[in-house]
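Work through the exercises below with the sequence and the 3D structure at hand. Each task is followed by a solution in steps.

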2 protein chains.
Amino acid sequence: MNASFIIIGTELTRGIIQDSHGSLMSKELTHLGIHVSEIVIVPDDGSIEKILEAVMRSSDVVIITGGLGPTSDDMTRPVIAEAAGAELEKNEEAWAFLLSKLGDKAYGANERQALIPHGFSIIENRNGTAPGFYGYGKGTLLVSLPGPPREMTPMFYDTVLPLLREKLDLPECERDEYTSFITAEAKLEELCEEVDPTLDWGTRFQDYRISLYVSGKSKAERDESVRKLKDKVGMMRLVDGNTDALSLAINALKKNKATVSVAESCTGGLISTLLTERSGASGYMLGSVTGYAPSVKRDVLSVSSGIISGKGTVSYECALAMAEGVRNLTSSDYAISVTGVAGPDKDEGKDVGTVYIGFAGRGRESTALLFRYSSWGRASIRRKAATTALLLLSAYIDGADIKQIAESWNYI
Amino acid sequence: MNASFIIIGTELTRGIIQDSHGSLMSKELTHLGIHVSEIVIVPDDGSIEKILEAVMRSSDVVIITGGLGPTSDDMTRPVIAEAAGAELEKNEEAWAFLLSKLGDKAYGANERQALIPHGFSIIENRNGTAPGFYGYGKGTLLVSLPGPPREMTPMFYDTVLPLLREKLDLPECERDEYTSFITAEAKLEELCEEVDPTLDWGTRFQDYRISLYVSGKSKAERDESVRKLKDKVGMMRLVDGNTDALSLAINALKKNKATVSVAESCTGGLISTLLTERSGASGYMLGSVTGYAPSVKRDVLSVSSGIISGKGTVSYECALAMAEGVRNLTSSDYAISVTGVAGPDKDEGKDVGTVYIGFAGRGRESTALLFRYSSWGRASIRRKAATTALLLLSAYIDGADIKQIAESWNYI
């Protein structure tokens, strides 16, 4: 089976943004055993007409992205209708959907977005107004999706991929999803290959975590391989389903009706930003102190001058004092702290990536743990430290032995 | 003038790597005023033959990357020779170059890499063995470059771009770059069209700012249109060049050898995270307090209970007290504060998007300003508030009238 993509966007042929659809779709279709024979990027100027005709001759599937906006220069609809030899008609399902999204604002130009070639089916767009659609023209499956990645991506995964599997007569693919924390994507891929090179492993990096998808063989065999992978990276590093460290921390706080506060140095406020990101944050998050300067650690967080001058600000003692300091200051149930070297230069003689994370809680023994992140770059070290703090906060609240957990970790 | 690109690489159509040549060349050719009509990505399977013929018909320039390796499946050379109606011949200059690079290892298969269509000129490859080449076929300029970016990029800049200027006798195309703050991308595009629909406006959204590119007409005409656009959005909202609000704030702090601290509520630590993002942050950033709960505003930031119960935490008085509170706490030269309603629900009877931003400084009158952001969504409101705070911090440090600046703003 041959597939081609036509990617429409003047901002692409003007080099203002870089296409990512071609690469995403290529990866997934190749994965299904489909040969991608051509990816064509053209401006929104109607040149799709000529291209579509040519690629249809050599392709069983043509996926077109972009050109579905409400303005008149968006030519995708009429061109596909023409190629399929079908009339464009107002699709009532699409129009009802547009009305539900836009309400009173759905007039005039938007009506165009409900036009679909006769006999085609619509593809629901959860994140935008333009539905996608698919159908056949001269024996070729034609799929049309909107251009914006946040609209296109879920439509591609939820509808187009299953459609292709069905067309290829591939069995319903069982795919297990996991979430991996504080691992480099390349390292995770390497470990997956080590565990079982015959399984289909897919990874997707998402800032604070990596989604891991596993398919192939039997469920029991996949589970056994994932168990081995979990052993390799250590406790809590690979968890079932699609989640993130922030959700784990929030769930633990909510379950225990507990509040939290944060004292940050190298993460600079990142953990606090995360803990206030979701609505309802005032139910568990009281506040934070970023003590970037030693004077603020001392004057606001009550870290003693003795610790600062004797042990240094990147030390077990300082992390412990910061966590206890912010907990006292805010009267929170739990507190976490982070102090370390985000780089690019060593600090206090300590290597870049050296980070202490402290934990304190009402009626609980305070503690701090040392991590040595292998990452290069401030942003990566800050993200890893924030993820670690949130992940272990959930374990600390649950009463787990966080020292044992941290000691089980490899490849951080 | 029309250009097309053919980008050859099976690793591209299998989704293993993402193409960047298309975007790079599009940007630079657009900059020269050349219309890029098509970017085609194909595998290394000879399918370039059919494609090249088709794109040559509609293009004055075709740039082909990839397929120049020493193995037999690299078809670019014979296909271009065929399209140009020229024989492939061993180019002595290219062969001498290969020998100098490979020495004794230059045998057999490598000899193929010195084959160039008769009448074509070679393009030196500083970082690899395969030279590029260019010449004419049926009136179209055909340029062939190797695929690896570290080989292709310098060849494109050093030889191809100058060649296009010279051979095609193009006038210098000028493009001006600006940075826009706290505007929705769609709104900015609409305003650009209002100001002058005959100019080429390009926008690129980048989290905390939008890059704006303007080309066409004369420099004086572009400047006049940008001046009108600046008037429409208000002071400081559209600045020359590629910058961001964080850089403006950091530059003002450094220039004045000043330190800063931050008190945050709805932004939750975001401004502090930004101010500690870059290396060298300890030179100007002392620390911050996120007073998410009213108790932390009172106990840590010293906002009086009278303000909290009388005026509310989303008030001019609270923002002012937070800024002064964190400045006193950290002894910083300057302080900024943010308190507002990030949503999704109203708070204290105030609409989502209502944000007060406070400013305090050594020997300066403290003040707070009210903003009503039109955005939906917590993330967007938090980003706009953080950008506003950093932008106006730079003005406050410079001694500007920030009230007047804020009052000039439209469409925030």
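**Exercise 1: a serine in a loop**

The side chain of Ser315(B) reaches the backbone oxygen of Gly312(B) at 2.8 Å. The model is predicted, so local features need pLDDT of at least 70 and side-chain atom pairs count only at pLDDT 80 or more, while totals for chains, interfaces and linings use all residues; side-chain values use heavy atoms, with hydrogens and water left out. Residues are numbered from 1 along each chain as its sequence is written, and chains are lettered from A and ligands numbered from 1 in the order in which they are written.

Task: state where Ser315(B) lies and whether Ser315(B) is buried or exposed.

Solution. 
1. Ser315(B) belongs to the loop between α12 (305-310) and α13 (316-330) of chain B. Helices (H or I, at least four residues) and strands (E, at least two) are DSSP runs, numbered from the N terminus.
2. Ser315(B) counts as buried because its relative accessibility is 4%. Buried means under 20% relative accessible area, exposed over 50%, and partly exposed in between (1.4 Å probe, protein chains only).
3. Leaving aside neighbours within four places in sequence, Ser315(B) is in contact (heavy atoms within 4.5 Å) with Ile307(B), Thr339(B) and Tyr356(B).

**Exercise 2: a helix and what covers it**

Task: find which residues of α2(A) are buried, and what covers them.

Solution. 
1. Helix α2 of chain A spans residues 21-31, and eight of its 11 residues are buried.
2. The buried residues are His21(A), Gly22(A), Ser23(A), Met25(A), Ser26(A), Glu28(A), Leu29(A) and Thr30(A).
3. Their cover includes β1 (2-8), β2, β3 (61-65) and α6 of chain A, together with α1 (10-13) of chain B.
4. Met152(A) is found in α6 (residues 149-167) of chain A. Met152(A) has a relative accessible area of 0% and is therefore buried.
5. Apart from neighbours within four places in sequence, the contacts of Met152(A) include His21(A), Leu24(A) and Met25(A).
6. Following α2(A) comes Gly33(A), with a positive phi near 85°.

**Exercise 3: chain A against chain B**

Task: how many residues of each chain are in contact, and which side chains meet in a salt bridge?

Solution. 
1. 58 residues of chain A are in contact with 62 residues of chain B.
2. About 4300 Å² is buried between chain A and chain B, 53% of it on carbon and sulfur atoms. Arg14(A), Ile16(A) and Tyr292(A) supply 13% of the area that chain A buries against chain B, more than any other three residues.
3. One salt bridge is counted between the chains. The side chains of Lys50(A) and Glu38(B) meet in a salt bridge, at 3.9 Å from N to O.
4. On the side of chain A that touches chain B, strand β2 (residues 35-42) of chain A gives the most, with eight residues.

**Exercise 4: backbone angles**

Solution. 
1. Pro344(A) sits in the loop between β15 (334-340) and β16 (354-361) of chain A.
2. Tyr411(A) is in the segment after α15 (402-407) of chain A, and counts as partly exposed at 36% relative accessibility.

Technical notes:
Polar contact = N/O pair within 3.5 Å; in protein donor to acceptor, adjacent residues only side chain to side chain. Buried area = accessible area lost by both parts, 1.4 Å probe. Salt bridge = Lys/Arg side-chain N within 4 Å of Asp/Glu carboxyl O.
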